[in-house]
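Visitor: I would like to learn how to read a structure like this one. Could you take me through some of its features?

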Amino acid sequence: MASGKDSDRTLGYMTRKDTEVKLPRPTRVKNKTPAPVQITAEQILREARERQEAEIRPPKQKITDSTELSDYRLRRRKEFEDQIRRARWNIQVWMKYAQWEESQKDYARARSVWERAIEGDYRNHTLWLKYAEFEMKNKFVNSARNVWDRAVTLLPRVDQLWYKYIHMEEILGNIAGARQIFERWMQWSPDQQGWLSFIKFELRYNEIERARSIYERFVLCHPKVSAYIRFAKFEMKGGEVARARHVYERATEKLADDEEAETLFVAFAEFEERCKEPERARFIYKFALDHIPKGRAEDLYKKFVAFEKQYGDKEGIEDAIVGKRRFQYEDEVRKNPLNYDSWFDYVRLEETVGNKDRIREIYERAIANIPPAEEKRYWQRYIYLWINYALYEEIETEDVERTRDVYRECLKLIPHSKFSFAKIWLLAAQFEIRQLNLAGARQILGNAIGKAPKDKIFKKYIEIELQLGNIDRCRKLYERYLEWSPENCYAWSKYAELERSLAETERARAIFELAISQPALDMPELLWKAYIDFEIAEGELERTRALYERLLDRTKHYKVWVSFAKFEASAAEQEEDEEEEDQEETDAIERKKECIRRARAIFERANSYYKDSAPELKEERATLLEDWLNMETNFGNLGDVSVVQSKLPKKLKKRKPITREDGSTEYEEYIDYLYPEESQTTNLKILEAAYKWKKQKLATSEEEYD
């Protein structure tokens, strides 16, 4: 039952506490503003150190009699034994135990602890070291020897054990014993430092021959460049120049292909320099440069250049500099063998030196790097390697057969079914012509036409046969040319030109007729012009007119109209040349007037065509009228400029809108032409619109009046 204080009749059995509304605790906002006084980490550490309490150490115990000493030792031994029982693998516990026994002068017990520790982990060389140091420190020499002997027997690959053992014997003055230990160690073939320590040991006691014999065994055990260099320096230090040279020679025989051969050759050459043998040193440098891969010979080149600058003459210095550049090019072509520009530079360098065998070697290495894909763009630079190779063999070495082989191999290599190079075919043929081998040249050019016909090959082949006066061969070649490329207007015109030069007018005309009848031509305007010029040169005016008419049936270009009109205007001069000199002047004027009338009629036809059939070609029509006006002006008194002036258009500047990509509009000015007939039509349209407007206005006023 609730107490009267808490209960309320209106609430039934619930108390006021049960009916209270519990609001959540308000969240406390953390103040993130910086404190007025900032504390550094250094200050915190200093305060912590100041407030640190002093370390509590156990009190010092003073032992007054043997009983207390026995109790102390018994208690400490029990503690150590308990620690060992818990962590037998912990070496530090064993070492502390043994050192404590040593501090108690109980060497037998200490030795027993070391033996127990080694029995548990004999592979740990630290235990052996500490054990042996314990014996040596307490002057138990024989025991120490026993420990070292057991250690090096069980762990012969730990160099530190051998060093310590030898050091102990040497301190004791047992040189023979130390030497014997070294010999035992060398049987295990240690690293270079072990051998060098043995050698230094012998040298400390001036045992030169023994040191030399150890060096011999050393280079057999470690046949490396550094070992031979040390051996040679040892002999050089002792003044044995011949022996040192012999060591270097043995090293070059065995290690010429080693990765560190560069270091060996540099050391050998510097040795010869110190011995005042510059020729020997130069030979060593050159031998090394020929045998070491260029990627590993950078330091060697620098040394060689410095050597030549000191000892060589002008030619030697230049040769050394060339060698340095040779090294650079070798590095470039090694990194990217398809960089043909580097090969060109390399070959050019070798050509300045003039060593034919080396030049051929570089050319052979260069052409061996065939482009990876059968696409002409990859071969365009590569093919010049072959060209330069062939020209070098022909011009420099004058080796005809080798040049012929180069051209033959190059032509075999090119995939003519996909692409070809006319330059190679022509160079090979021209080479055979220079060798007076005309049949070989014809065979090469014939193969070229059969495998990879090209305009350049046909042109050059025809030119060669024409120079030789073989007209029938030229005709056959032109026929093959036109069979391969019937749309080639150049070939048609040149064929006709050949026949005309031979006074074969009908053959030339027939060729022109056959040419213009082809369904497709690459430059028909040049062909028609050549045909027309041919007929004009032959004096066939009617044929020329007929040709112009046939040309106008094909195209109505304004240049054709102008050319036709100019031809008619100049026809009078051509007829005058054919007349006799005593002809009357009046007849000549009449003929000229007739020519002018013909030319004017052609212009009239052209103007009518543009006016009626092609009114959109306003600019071409304006150009035509300007040419007509110029011709009338050139006629002088016989011309009539007014005929043209009434037809000339007005130039109008207009603007047209152009929409950009962003949607904005700008205006561009252009020239428009307004011809006389268009202006009349425009005026009529304006008058008609004005009449309609006036009529509409009158009708409106009458309605308002009513």
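Visitor: What pLDDT does the protein average?

Guide: Start here with any predicted model, and this is one. The protein averages a pLDDT of 81, and 86% of the residues score at least 70. Over residues 1-7 the pLDDT falls below 50, and beyond near neighbours in sequence that stretch has four contacts in the model. Residues 576-583 also stay under 50, again with four contacts beyond four places in sequence.

Visitor: Which residues of α23 are buried, and what covers them?

Guide: Here we list the buried positions, then look for their partners. The buried residues of α23 are Ala422, Ile424, Trp425, Leu426, Leu427, Ala428, Ala429, Phe431 and Glu432. Their cover includes α21 (383-396), α22 (400-413), α24 and α25.

Visitor: What do the buried residues of α24 pack against?

Guide: Helix α24 spans residues 438-451, and its 14 residues reach 20 Å, close to the 20 Å expected. Gly440, Ala441, Ile444, Leu445, Ala448 and Ile449 are its buried residues. Those buried residues pack against α23 (422-434), α25 (455-467) and α26 (471-484).

Visitor: Which residues have the most contacts inside the largest nonpolar core?

Guide: The largest nonpolar core has 96 residues, and Trp343, Ile383, Leu385 and Ile424 have the most contacts inside it. At least three of the core's residues come from each of domain 2 (370-485) and domain 3 (492-574 + 588-648). Take Ile383 as an example: leaving out residues up to four places away in sequence, Ile383 touches Cys410, Ile414, Phe421 and Ile424. A second, separate core of 76 residues includes Ala144, Phe268, Ile284 and Leu300.

Visitor: How many disulfides does the structure hold? And is Cys489 buried or exposed?

Guide: The structure holds zero disulfides. Cys489 counts as buried because its relative accessibility is 3%, under the 20% cut-off. Cys221, with a relative accessible area of 27%, is partly exposed, because that value lies between the 20% and 50% cut-offs.

Terms used: Residues numbered from 1 in each chain as written. Predicted model: local features only at pLDDT ≥ 70, side-chain atom pairs only at ≥ 80, totals over all residues. Heavy atoms only, no water. pLDDT = per-residue confidence, 0-100. Contact = heavy atoms within 4.5 Å. Helix = DSSP H or I, 4+ residues; strand = E, 2+ residues; numbered from the N terminus. Expected span 1.5 Å × (residues − 1). Buried < 20%, exposed > 50% of the residue type's maximum accessible area, 1.4 Å probe, protein only. Core = buried A, V, L, I, M, F, W, Y, C linked by side-chain atoms within 4.5 Å. Domains from an automatic or database assignment. Disulfide = S-S within 2.5 Å.
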